[in-house]
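Trainee: Could we go through this chain together? I would like to learn how to read it.

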Amino acid sequence: MTEKEKLIEMVEKEPELLKIIQSKEHMAVLVEINKKPPKIEELKVNIYFKNVSILYNILDTLIQTKLIKKIQLDEEEVYYLTDKGKDFVSIYIESKEKFDLNGGE
């Protein structure tokens, strides 16, 4: 099965994933979490949001779709990818250039 087929299969099973793929902000958060499980403050610094509540809404959506999880570590929230999230980001990154996701950006 090709990366494109895997991505299509994931989206067919869970249509809400399509909205996530189409959102530059959601994907930026996922890719950042993929690099290293960040604390919320690191996400605020590494990705610019006009309003911090947007970041929290994105994180809530990603938790609801089971792409990320949140844990308390030294009294701070740390976010990390679930196995499903790792697969999703991996397929996305590999497919991004090939299939012009996010308009080729």
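**Reading the chain**

Mentor: Buried residues make up 36% of the 105 residues in the chain, where buried means under 20% relative accessible area, exposed over 50% and partly exposed in between, with a 1.4 Å probe and protein chains only. This is a predicted model, in which local features need pLDDT of at least 70, side-chain atom pairs count only at pLDDT 80 or more, and totals for chains, interfaces and linings use all residues. Residues are numbered from 1 along each chain as its sequence is written, and side-chain values use heavy atoms, with hydrogens and water left out.

Trainee: How many helices and strands does the chain have?

Mentor: The chain has 6 helices and 2 strands. Helices (H or I, at least four residues) and strands (E, at least two) are DSSP runs, numbered from the N terminus. Along the sequence, the pattern is α-α-α-α-α-β-β-α.

Trainee: Let us take α5. Which residues are buried there?

Mentor: L55, I58, L59 and L62 are buried in α5. They cover an arc of only 100 degrees around the axis, which puts them on the same side of α5; the arc is that of the directions from the helix axis to the C-beta atoms.

Trainee: And what do the buried residues of α5 pack against?

Mentor: They pack against α2 (16–21), α3 (24–35), α4 (40–46), β1 and β2. After α5 comes K66, whose phi is positive, near 60 degrees.

Trainee: Now the strands. How do β1 and β2 run?

Mentor: Strand β1 (residues 68–73) and strand β2 (residues 76–81) run antiparallel and are joined by 6 bridges. Two strands pair if DSSP finds at least two bridges between them. One of the residues involved is K70, whose bridge partner in β2 is Y79.

Trainee: What lies between the two strands?

Mentor: There are 2 residues between β1 and β2, which form a hairpin. In the turn, D74 has a positive phi of about 50 degrees.

Trainee: Changing topic: is Y92 buried or exposed?

Mentor: Y92 is buried, with a relative accessible area of 3%. This residue lies in helix α6 (residues 83–99).

Trainee: How far apart are Y92 and V31?

Mentor: Y92 and V31 are 61 residues apart in sequence and 9.4 Å apart in space, C-alpha to C-alpha.

Trainee: Finally, what share of the contacts links residues 24 or more positions apart?

Mentor: Such residues account for 53% of the contacts with a separation of 6 or more, where contact means heavy atoms within 4.5 Å.
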